[in-house]
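The following briefing concerns the structure shown below. It is arranged by topic for reading beside the coordinates.

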Amino acid sequence: MLALLGPNGAGKTTAVRILATLLPADGGSARVAGLDVERQATELRSQIGLAGQYAAVDEHMTGAENLEMVGRLYHLPKGEPRRRAGELLERFDLTEAADRLVGTYSGGMRRRLDLAAALVARPPVLFLDEPTTGLDPRSRLDLWETIEAHVAEGTTVLLTTQYLDEADRLADSISVIDHGRVIAEGSSDELKDQVGGERLDVTLESKEEAEAAIAALAPIAAEPPAMSDGLLRMPVSRRRGAIADAVRRLNDAGVGIDDISLSRPTLDDAFLTLTGHAAEDVEDEREGER
Amino acid sequence: MNPSASFSDTLVLARRAVMRIVRAPDLLLAYTVQPIMFVLLFVYVLGGAIETPGFDYVDFLIPGILVQTLSFGGFATALGLAEDLKKGLVDRFRSLPMSRSAVLTGRTLADIATNSLSIAVMLTVGLIAGFSFDAPVADILLGLLLLLTFGYAFSWVFAFIGLASSSPEAAQSLGFIFLFPLSFISSAFVPVDSMPAVLQAFAEVNPFTIVVNAMRALFLGIPAGNDVWGAFAWSIGIAAVFATLAVRKYKRAVVR
């Protein structure tokens with residue numbers, strides 16, 4: 001599974017749309033499952049499944065009817081669409097809701113049905129375009145488990161996401177893209193390593209003591225400490241003794257400590273370093289666009 | 001794409017469109033109650049004030065109002081397509097190894113079913129209100145075929161509108177803005193020679209007038225001239241042009 005991770009407007013969805021034969025590329029060429037996306041589009045369509053940002057299922061049909069319709073449109077042999085629909089409904093825990101109109105489904109159920117629809121023809125390549133955007137945490141977790149089960153079965157998956165934890169959890173390999181270009185790629189660990197080593201987080205008892213704290217810790221910081229909202233962050237050059245050292249220095253300077261911890265960088269940090277803005281900014285931008 | 005696969009795709013999607021109406025029967029009002037309402041309003045409210053030399057108004061009206069109603073019958077196609085675009089279903093369909101035109105041919109085919117229902121309802125109400133056929137059965141049947149053909153042509157106009165507009169609501173009002181004047185500035189409701197000269201000139205070349213005149217010829221037995229052939233030619237021409245435009249638009253359709 002490859003994840004495309006990037007801020008909004010980075011070109012994630014455009015990339016998926018080109019690869020899923022929905023959009024002609026401005027230039028260059030692309031092959032999916034060995035087939036050229038433009039010249040062999042028709043053959044390619046029977047090899048791919050697409051689950052989109054919108055749960056693309058028909059609200060006026062039941063869950064079972066939706067899947068059967070997709071099966072017929074993939075031209076599965078007679079009887080197979082119905083059999084396959086039953087199988088997928090069961091696997092996606094929708095059997096009880098199978099004969100209910102999709103209009104009555106919850107957001108999580110719709111996404112599961114959407115994912116099931118993408119899998120009807122057992123495509124070797126699956127595109128998941130922001131599959132969990134807008135879902136509650138419980139539904140996200142469920143969907144992740146389902147996706148993981150399918151990757152284990154040998155499906156190649158291209159996932160786009162704006163959630164770092166999603167890429168971190170699901171993907172073998174991550175491409176960070178910004179402004180239509182890949183700016184970094186590798187496994188989650190490799191990306192974190194690019195950002196650097198250990199980091200010390202100190203929560204101060206009082207924000208007023210920030211300057212004193214920065215001055216006290218500067219000698220052991222690998223880079224100048226950054227301070228935001230009472231939380232002081234700084235990379236440290238070595239792990240051993242870093243906390244004891246920091247506590248001693250802050251004590252000597254008379255700075256009160258509420259919490260102190262040492263951590264490896266998160267994918268969040270990698271994202272920040274690579275794109276020049278934090279993941280939260282991405283969310284804000286997205287809101288702004290609406 | 002082989003023809004039998006295209007045809008089966010079309011049927012799958014026509015079935016979907018029909019099911020939609022069966023599931024949400026309120027949509028059915030547009031095909032039944034609305035036409036009845038129009039027939040009654042025109043016959044009993046406006047009819048008394050409209051002079052139609054040589055005809056009872058109800059006889060004059062029924063062929064005209066049938067043509068107008070049928071031209072609007074495709075609105076469900078515009079609504080449905082605009083909704084499919086908005087919900088991302090068009091993306092799903094376009095990513096499937098199915099016929100490129102089946103989403104459109106399926107919906108327009110389903111319109112034929114609902115249009116047939118509208119014709120039946122309106123003729124029944126018309127007959128009750130005093131309309132009477134005055135033509136051989138073969139002509140009447142040809143008239144019904146013309147109505148369905150004309151309605152089918154406008155389903156393609158609506159398919160194009162549905163794909164070209166920004167939302168289901170916009171699709172609906174666009175359709176009305178476009179079709180209302182076209183259908184009214186014709187011989188459908190009043191004799192053309194009662195209009196001001198400019199409108200008369202437009203009404204005389206308006207395909208609606210040609211189709212309405214053909215329908216009067218086929219239902220009421222008045223001489224047709226070239227109107228019947230003209231009406232079929234216009235219907236087939238409109239269908240061909242708008243089907244081409246709509247399919248081209250569909251192939252490039254993007255989620256909004």
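**An enclosed helix in chain A**

In α3(A), the buried residues are Gly63(A), Ala64(A), Glu65(A), Asn66(A), Leu67(A), Glu68(A), Met69(A), Val70(A), Gly71(A), Arg72(A) and Leu73(A). A residue is called buried if 20 or more other C-beta atoms lie within 10 Å of its own, exposed if 12 or fewer, and partly exposed in between, with C-beta atoms placed from the backbone. Because 11 of the 11 residues of helix α3 (residues 63–73) of chain A are buried, this helix is largely enclosed by the rest of the structure.

The model is predicted: local features need pLDDT of at least 70, side-chain atom pairs count only at pLDDT 80 or more, and totals for chains, interfaces and linings use all residues. Residues are numbered from 1 along each chain as its sequence is written, while chains are lettered from A and ligands numbered from 1 in the order in which they are written.

**Surroundings of α3(A)**

- The buried residues of α3(A) pack against α4 (80–91) and α5 (107–119) of chain A, together with α1 of chain B. Helices (H or I, at least four residues) and strands (E, at least two) are DSSP runs, numbered from the N terminus.
- Although His75(A) is not a glycine, its phi is positive, at about 60°.
- With 18 C-beta neighbours inside 10 Å, His75(A) counts as partly exposed.

**Chain A as a whole**

- Chain A holds 12 helices and 12 strands.
- A box of roughly 80 × 45 × 35 Å, taken along the principal axes, is filled by the C-alpha atoms of chain A.
- Of the 290 residues in chain A, 41% are buried.
- Among contacts in chain A with a separation of 6 or more, 67% come from residues 24 or more positions apart. Two residues are in contact if their C-beta atoms, placed from the backbone, lie within 7 Å.
- Domain 1 (2–192) and domain 2 (197–264) are given by the domain assignment of chain A; such bounds come from an automatic or database domain assignment.
- The C-alpha centres of domain 1 of chain A and domain 2 of chain A are 43 Å apart.

- Four bridges join β4(A) in the parallel sense to strand β5 (residues 125–129) of chain A; two strands pair if DSSP finds at least two bridges between them.
- Leu126(A) in β5(A) is the residue opposite Gly49(A).
- Strands β7 (residues 173–178) and β8 (residues 181–186) of chain A run antiparallel and are joined by five bridges, with Ser175(A) opposite Glu185(A) in β8(A).
- β7(A) and β8(A) form a hairpin with two residues between them, and His179(A) in the turn has a positive phi of about 50°.

- β10(A) pairs with strand β11 (residues 231–235) of chain A in the antiparallel sense over three bridges, and Arg233(A) in β11(A) is the bridge partner of Ala226(A).

**Contact between chains A and B**

- In chain B, 19 residues are in contact with 22 residues of chain A.
- The elements giving two or more residues to the side of chain B that touches chain A are α1 (3–23) and α5 (89–95) of chain B.
- With seven residues, α1(B) gives the most to that side.
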